[in-house]
Amino acid sequence: TSTGRLASSDPNLQNIPIRTEEGRKIREAFVASDGRVLLSVDYSQVELRLAAEMAGVDALKQAFKDDVDIHSLTASQVFDVPLDEVTPEVRRQAKAVNFGIIYGISGFGLAKQLGCDVGEASSFIKRYLAKFHEIEAYMERTKDEAKTHGFVRTLFGRKCFIPGIKDKNQMRVRGAERQAINAPLQGTAADIMKIAMARLPRILDAEGLK
């Protein structure tokens with residue numbers, strides 16, 4: 001993809017469906033040989049961690065270091081609720097804001113996700129950016145970089161080109177700005193994944209593992 005993530009379709013070779021009967025049958029074909037296991041490994045909330053790092057949000061970085069539930073922390077900060085009084089519903093709203101922000105979501109988009117009105121969703125975003133002002137600075141900085149150069153960079157320096165950032169159509173520009181905000185985060189996550197995949201065979205060899 002434009003951010004460097006690996007993607008496949010027709011057929012999708014990354015996600016074998018589990019909700020369909022056909023998908024469940026296909027999954028039965030994946031069997032580890034005797035004495036072996038199939039291992040599934042994932043990076044926990046990698047894009048949120050990268051947002052904390054790349055935007056320099058000390059409160060979020062500390063929360064990750066302390067293994068605090070990041071969505072509960074956001075709920076506590078944005079809705080002014082003590083951490084131990086965050087309800088599942090408020091945490092759900094904070095989670096939508098957390099992930100929405102790193103995708104450059106609008107009040108309209110967030111309202112659709114949360115099933116609330118646009119004014120309420122916009123106030124969630126405003127409160128979030130007031131509490132984590134470094135994120136807003138990162139967003140503006142990234143949009144400026146895209147407008148100046150036509151691309152943004154991942155932490156490893158790889159360029160992600162942002163077509164439409166100088167378009168005459170303002171709707172296209174807004175979409176390109178959202179892409180610019182997310183591309184360094186999604187792109188860096190993709191870089192980390194590829195580096196890990198490239199290193200893994202060497203590590204397995206060094207450890208004498210098959």
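Visitor: Which residues in α5 meet which residues in α7?

Guide: This is a predicted model, in which local features need pLDDT of at least 70, side-chain atom pairs count only at pLDDT 80 or more, and totals for chains, interfaces and linings use all residues. Residues are numbered from 1 along each chain as its sequence is written, and side-chain values use heavy atoms, with hydrogens and water left out. A contact means heavy atoms within 4.5 Å. On the α5 side the residues are Q93, V97, N98 and I101, and the residues they meet in α7 are F124, I125, Y128 and L129.

Visitor: How do the residues of this contact of α5 with α7 divide into nonpolar, polar and charged?

Guide: Ala, Val, Leu, Ile, Met, Phe, Trp, Tyr, Cys and Pro count as nonpolar, Asp, Glu, Lys and Arg as charged, and the others, Gly among them, as polar. By that rule, the contact of α5 with α7 holds no charged residues, two polar and six nonpolar.

Visitor: What is the orientation of α5 and α7 to each other?

Guide: Axes are lines fitted to C-alpha atoms, for helices over the stretch in contact, and angles run from 0 to 180 degrees between N-to-C directions. The axes of α5 (residues 88–102) and α7 (residues 118–131) cross at roughly 70° and come within 11 Å. Angles under 35 degrees count as roughly parallel, over 145 as roughly antiparallel, 65 to 115 as roughly perpendicular and the rest as oblique. The two helices α5 and α7 are therefore roughly perpendicular.

Visitor: Why do the buried residues of α6 line one face of the helix?

Guide: Buried means under 20% relative accessible area, exposed over 50%, and partly exposed in between (1.4 Å probe, protein chains only). The buried residues of α6 are G107, L110, A111 and L114. They line one face because, seen down the axis of α6, they fall within an arc (that of the directions from the helix axis to the C-beta atoms) of 105°.

Visitor: Which helices do the buried residues of α6 pack against?

Guide: The face of α6 turned away from its buried side carries the exposed residues F108, K112 and Q113. The buried residues of α6 pack against α5 and α7.

Visitor: Is H71 buried or exposed?

Guide: H71 lies in helix α4 (residues 70–79). Not counting residues up to four places away in sequence, H71 touches Q45, L48, R91, A94, K95, N98 and F99. With a relative accessible area of 1%, H71 is buried.

Visitor: Is D67 buried or exposed?

Guide: D67 is found in the loop between α3 (58–65) and α4. Its phi is near 60°, a positive value in a residue other than glycine. At a relative accessible area of 69%, D67 is exposed.

Visitor: How many helices and strands has the protein?

Guide: Helices (H or I, at least four residues) and strands (E, at least two) are DSSP runs, numbered from the N terminus. From that end, the elements run α-α-α-α-α-α-α-α-β-β-α. The protein has nine helices and two strands.

Visitor: What pLDDT does the protein average?

Guide: pLDDT is the predictor's confidence in each residue, from 0 to 100. In this protein 100% of the residues score at least 70, and the average pLDDT is 90.
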